[in-house]
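Subject: Structure handover

Hi,

Here is the structure I promised to pass on. My notes follow below it.

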2 protein chains.
Amino acid sequence: MEKVAYYNGVFSSLDEAKMPVTDRACYFGDGIYEALYARNGIPFALEDHFARLYRSAEKLRIEAPAKEELTEIIMKALSMTDAKEAFVYFQISRGNAMRQHEFPFTPVPASVMLYTQPHELFDLTKPMRLITREDTRWLHCDIKSLNLIPSVLAAEDAYEAKADEAIFIRDGKVTECSASNLLILKDGEIVTAPNCNLLLPGITKKHIIELAGTLGIPVTERFMTLEEVMAADEVIITNCVTLGANAYEIEGTPVGGKDPERLAAIRAAYYAKVEAECGAL
Amino acid sequence: MEKVAYYNGVFSSLDEAKMPVTDRACYFGDGIYEALYARNGIPFALEDHFARLYRSAEKLRIEAPAKEELTEIIMKALSMTDAKEAFVYFQISRGNAMRQHEFPFTPVPASVMLYTQPHELFDLTKPMRLITREDTRWLHCDIKSLNLIPSVLAAEDAYEAKADEAIFIRDGKVTECSASNLLILKDGEIVTAPNCNLLLPGITKKHIIELAGTLGIPVTERFMTLEEVMAADEVIITNCVTLGANAYEIEGTPVGGKDPERLAAIRAAYYAKVEAECGAL
C-alpha cells in the first residue's frame with residue numbers, strides 16, 4: 001500500500017480513512033501533531049519528535065497516548081508501505097465529543113490520526129526563493145498545533161509568488177518560515193532565532209546546532225532583522241525533510257552563496273547522522 | 001431525528017457522520033464556520049450569518065458554496081429535527097486533498113459540514129460569573145475560523161473556575177470573550193469594543209447596537225480597560241444563543257446590577273425581534 005492511514009484503531013488506505021465529524025480536530029483544530037522522515041522503515045529522530053509531542057500535549061492539556069502505543073502504530077504503518085523513504089504524519093486531538101468549547105465534560109480518550117506516504121528528502125542541490133510575510137500568528141508558536149491557517153496562507157503566498165517558503169517577521173524580528181526554521185551562516189558562525197513562544201523548536205534546527213558543535217562552528221541564538229538575513233553568507237532552511245536547504249533570493253534580492261564549504265560540511269554531517277540512524281538508501 | 005448532520009451531500013444522524021481525514025479542516029483547521037439559533041424551523045438572522053461567512057471566506061480565500069445551496073442544506077436539516085428551538089452549526093473547509101500547506105494544486109470543492117441539535121436560548125435570569133485571560137490569539141480574530149484553541153483553553157479555564165465565560169484582554173484592552181462579545185451599560189450608554197481585527201463582529205452585538213438606536217440608548221464603540229468594565233452599570237454578554245446575559249462577578253469581584261431597567265428594555269426588544277422573525281415559542 002502506498003499511502004497508509006490509521007485512525008483510532010483502524011488501519012486503511014489513506015483514501016478510505018475517515019473520522020467522525022465530532023473529532024475536536026475537525027471544528028476547533030483542537031490537537032497537536034508531529035511529522036517525521038523515515039528510511040528503511042526506521043523513523044528518524046523519533047525520540048526528539050516524541051519529546052516535542054508531549055511538550056505540546058502538556059501545554060494544551062491533551063492526554064496523548066503513551067509513546068509505546070504511538071511507536072507501535074508508526075512502525076506498523078511503515079511496515080505496510082513499500083516506500084524506502086517516507087513521510088509520517090501523526091496528530092492527537094482532544095477526542096470525539098459534542099462540540100463545546102470547554103473540554104468534554106465526560107472524559108473521552110484522545111484521538112490518533114496518522115498517515116504515511118512515500119517522500120524523498122528535499123533535494124539540496126535546489127536553492128530556494130523566499131518571500132516575507134508579517135507574523136500575525138498567535139503567541140504560542142512553540143506548540144505544534146493544528147491551528148495552522150497563517151502557515152497555510154503564507155505558504156500559498158510563496159507558491160503564488162513562485163517561491164519556496166515565506167519568512168515570518170514579527171515586530172522586525174525574523175522568527176521562522178511557514179513550515180520550517182531559518183538559520184544563517186555569517187562570518188563562520190551560525191545565527192538563528194532563540195526557541196521561545198514565537199517559533200517552533202525545530203528538530204532539524206536542533207540537530208544542526210548540535211552538529212555545528214562537533215564541526216567547530218559557533219552558534220548564537222538571537223533574533224535577527226531581515227537586513228541581517230539578507231546580508232548573511234548563507235541562508236539555511238530546515239524542516240524534517242529539508243536537512244539544510246539554502247536560499248538564493250529573498251523578495252527578489254539575491255542572498256547567500258558566500259560560504260558553500262561550511263554549508264556543505266553541515267549537510268554532510270547531517271546526512272551521515274541520518275545514515276547512522278536509519279541506514280543507507 | 002434529534003441531532004442531524006450533513007457532510008458533502010449526505011445527511012445522517014450526527015453520531016454516524018464522518019469526514020475523510022484528508023479534509024483540510026482536520027489537520028490545518030483550514031476553514032470557517034457560522035453558528036445560529038433557529039426557532040420553528042426558521043434560522044434567525046440568516047442573512048447576517050451569510051454576510052459574515054462570505055467575509056470570512058474571502059479573507060481566507062476559500063470558495064464557499066452559494067447562499068442558496070447552503071440555505072437548502074440548513075432548511076432540510078432543520079426539517080429533519082423535532083426541535084422547536086435549535087442550534088445550527090455549519091463549517092466550510094478548503095476541501096479534501098493530500099496534506100500540503102499550499103492550497104490544493106488541483107482545485108477541489110470546499111467541504112461543507114453541518115449539524116443541528118435542540119438548543120434553547122440562554123436563560124437570562126441566570127447572571128454570569130466571568131474570569132479574565134490574556135488575549136494571545138492571532139491578529140485575525142475578525143475571521144470566524146476553525147483555529148480555536150485559545151478559545152477552547154479560555155472556556156475550559158472559566159469552567160474549571162466555576163465561571164461562565166472568560167474575558168480576553170490584549171495590551172490592557174478588553175476585546176471580547178472566548179465565545180461571545182462583551183458590551184457594557186454605563187451612565188445610560190452602551191460601550192463596546194470596535195469591530196476590527198482583534199475581535200469577532202458579533203451578530204447579536206450588532207443587533208443590540210441597532211436596537212439601542214430605536215430605544216434611544218447611545219452607543220460608543222471604543223476599547224475599554226478591565227477597570228472600566230468592572231465599574232460598568234451592567235456587563236452584557238452576547239452570542240447567537242445568549243441574547244444579552246448580564247455578569248454579576250468578574251474574577252471574584254461583584255460587577256453590574258445597576259441598570260436593570262435599560263438591560264430589560266434591550267432584552268425585551270431583542271426577544272420581540274426574534275419573535276417577529278421566527279414566531280413565538
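First, a term: a salt bridge here is a side-chain nitrogen of Lys or Arg within 4 Å of a carboxyl oxygen of Asp or Glu. This is a predicted model, so local features need pLDDT of at least 70, side-chain atom pairs count only at pLDDT 80 or more, and totals for chains, interfaces and linings use all residues. Residues are numbered from 1 along each chain as its sequence is written, chains are lettered from A and ligands numbered from 1 in the order in which they are written, and side-chain values use heavy atoms, with hydrogens and water left out.

**Salt bridges**

Over all chains, the structure holds 34 salt bridges. One of them pairs A:R55 with A:D142, with the closest N and O atoms 3.1 Å apart. The two residues are 87 apart and link distant parts of the chain: A:R55 sits in helix α2 (residues 46–60) of chain A, A:D142 in the loop between β8 (128–134) and α4. Helices (H or I, at least four residues) and strands (E, at least two) are DSSP runs, numbered from the N terminus.

For accessibility, buried means under 20% relative accessible area, exposed over 50%, and partly exposed in between (1.4 Å probe, protein chains only). A:R55 is partly exposed because its relative accessibility is 33%. A:D142 is at 5%, so it counts as buried.

A second pair is A:R170 and A:D135, at 3.4 Å between the closest N and O atoms. This one also links distant parts of the chain, 35 residues apart: A:R170 is in strand β9 (residues 165–170) of chain A, A:D135 in the loop between β8 and α4. A:R170 is buried at 9%. A:D135 is buried too, at 2%.

In chain B, look at B:K206 and B:E210. Their side chains meet in a salt bridge (3.8 Å, N to O). Both lie in helix α5 (residues 203–215) of chain B, four residues apart, about one turn of the helix. B:K206 is partly exposed at 36%, and B:E210 is partly exposed at 40%. Elsewhere, salt bridges that share partners join A:R61, B:R133, B:D157 and B:E160 into one network.

**The interface**

How many residues of each chain are in contact? The count is 53 of chain A with 53 of chain B, contact meaning heavy atoms within 4.5 Å. Between them the chains bury about 4700 Å², 66% of it on carbon and sulfur atoms. Buried area is the accessible area (1.4 Å probe) that two parts lose on being put together, summed over both.

Four salt bridges run between chain A and chain B. In one of these, A:E160 pairs with B:R61, with 3.7 Å between the closest N and O atoms. The elements of chain A that each supply at least two residues to the side touching chain B are β3 (18–20), α1 (24–28), β4 (31–39), β6 (85–93), β7 (111–118) and α4 (149–160). The largest share, 10 residues, comes from α4(A).

Strands meet here as well. β3(A) is joined by three bridges to β3 (residues 18–20) of chain B, and the two run antiparallel. Two strands pair if DSSP finds at least two bridges between them. A:K18 stands opposite B:P20 in β3(B).

**Sheet and hairpin**

Chain B has an open sheet of six strands, in the order β2-β1-β7-β6-β4-β5, with antiparallel pairing. β2 (10–13) and β5 (42–43) stand at its edges with a single partner strand each, so one side of each is left without a neighbour in the sheet. Inside chain B, nine bridges join β4 (residues 31–39) to β6 (residues 85–93), antiparallel. B:A35 stands opposite B:Y89 in β6(B).

In chain A, β1 and β2 are antiparallel and joined by four bridges. A:Y7 has A:V10 in β2(A) as its bridge partner. The hairpin has two residues between the strands, and A:N8 takes a positive phi near 40 degrees there. A:N8 is partly exposed at 34%.

Chain B has a positive phi to check too: B:D187, near 50 degrees, is a residue other than glycine. B:D187 lies in the loop between β11 (181–186) and β12 (189–192) of chain B. At 64%, B:D187 is exposed.

Best wishes
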